[in-house]
Amino acid sequence: EQYKSITLILLGEVYHLMGNESTALKYITQALEFPEHRSAAHYLLGEIYQKQNNLTLALTHFSTITEGEYHVPAVLNSAVILNKNQQFDDALELLRSADPSDFQEQKQLLLLEVKTLINAKNIAEANELLTHILKNLPEDPDFLQQQRAIELKKTPELNAQPEILPHMLP
């Protein structure tokens, strides 16, 4: 009984990785009965439903995780889904309310916040956030890449590929 929940989680994860989602769902759903691994079960269920494009169920499972090691990953996945649904304000609120436990989680949250602002066409706020971040992390390649993306969005005429007209061909 003591190891039943972790066994169910591990079996579910193995079947999920093998692509056998129906069997994975069966095992992971059973693991929800055990409080000590409930967050892991909800997270895996959210991933499976997200993969199946059942975004409502994925959000339902991710949103039950309010603390612990799966909290920030669940927030990140939820924000990706909200971005996909063009619910940018909800995604930003969720990202800003998360409590990262380390620098890597904080960086992932900030990167997704910048991308969400860009998706929402709030370029000025995205640029302001990036400017602030890059003062502290001037050489970070991920944030520099986002800054470049903003620069390209601000100057689309510089991105445009020249159109090749038939009379220009040899």
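This is a predicted model: local features need pLDDT of at least 70, side-chain atom pairs count only at pLDDT 80 or more; totals for chains, interfaces and linings use all residues.
Let me begin with helix H5, whose buried residues are His-71, Val-72, Ala-74, Val-75, Leu-76, Asn-77, Ser-78, Ala-79, Ile-81, Leu-82 and Asn-83. That makes H5 a mostly covered helix, with 11 of its 14 residues buried, and the cover over those residues includes H3, H4, helix H6 (88-97) and helix H7 (103-119). From its first C-alpha to its last, H5 reaches 20 Å, which is close to the 20 Å expected at 1.5 Å a residue.

The stretch to treat with care is residues 156-170, where the pLDDT is below 50 and where, beyond near neighbours in sequence, the model has three contacts.

Now to the protein as a whole. It contains 10 helices and zero strands, and of its 170 residues, 38% are buried.

Which residues have the most contacts inside the largest nonpolar core? They are Ile-9, Ile-28, Ala-41, Leu-45 and Phe-62, in a core of 22 residues. At least two residues of this core come from each of helix H1 (4-17), helix H2 (21-31), helix H3 (38-51), helix H4 (55-63) and helix H5 (71-84), and the helix that gives the most is H3, with seven residues. Apart from this core lies another one, made of 13 residues, including Leu-92, Leu-130, Leu-134 and Phe-143.

Once its neighbours within four places in sequence are set aside, Ile-9 is in contact with Ala-31, His-37, Ala-40, Ala-41 and Leu-44. Ile-9 is also one of the buried residues of H1, where Ser-5, Leu-8, Gly-12 and His-16 are buried as well. How are these buried residues placed around the axis of H1? Seen down that axis, they fall within an arc of 100°, and so they line one face of the helix. Among the elements that cover them are H2 and H3. H1 itself has 14 residues and spans 20 Å from first C-alpha to last, close to the 20 Å expected at 1.5 Å a residue.

Finally, a few words about the backbone beyond the helices. H1 is followed by Gly-19, which has a positive phi near 90°. As a general point, most residues other than glycine have a negative phi, and with that in mind I would like to point out two residues. Asn-53, which is not a glycine, has a positive phi of about 65°; it is found in the loop between H3 and H4, and it is partly exposed, with a relative accessible area of 46%. Gln-86, again a residue other than glycine, has a positive phi near 60°. Gln-86 sits in the loop between H5 and H6, just after the helix with which I began, and at 62% relative accessibility it counts as exposed.

Terms used. Residues are numbered from 1 along each chain as its sequence is written. Side-chain values use heavy atoms; hydrogens and water are left out. A nonpolar core is a set of buried Ala, Val, Leu, Ile, Met, Phe, Trp, Tyr and Cys residues joined through side-chain atoms within 4.5 Å. Buried means under 20% relative accessible area, exposed over 50%, partly exposed in between (1.4 Å probe, protein chains only). Helices (H or I, at least four residues) and strands (E, at least two) are DSSP runs, numbered from the N terminus. Contact means heavy atoms within 4.5 Å. The expected span of a helix is 1.5 Å times one less than its number of residues. The arc is that of the directions from the helix axis to the C-beta atoms. pLDDT is the predictor's confidence in each residue, from 0 to 100.
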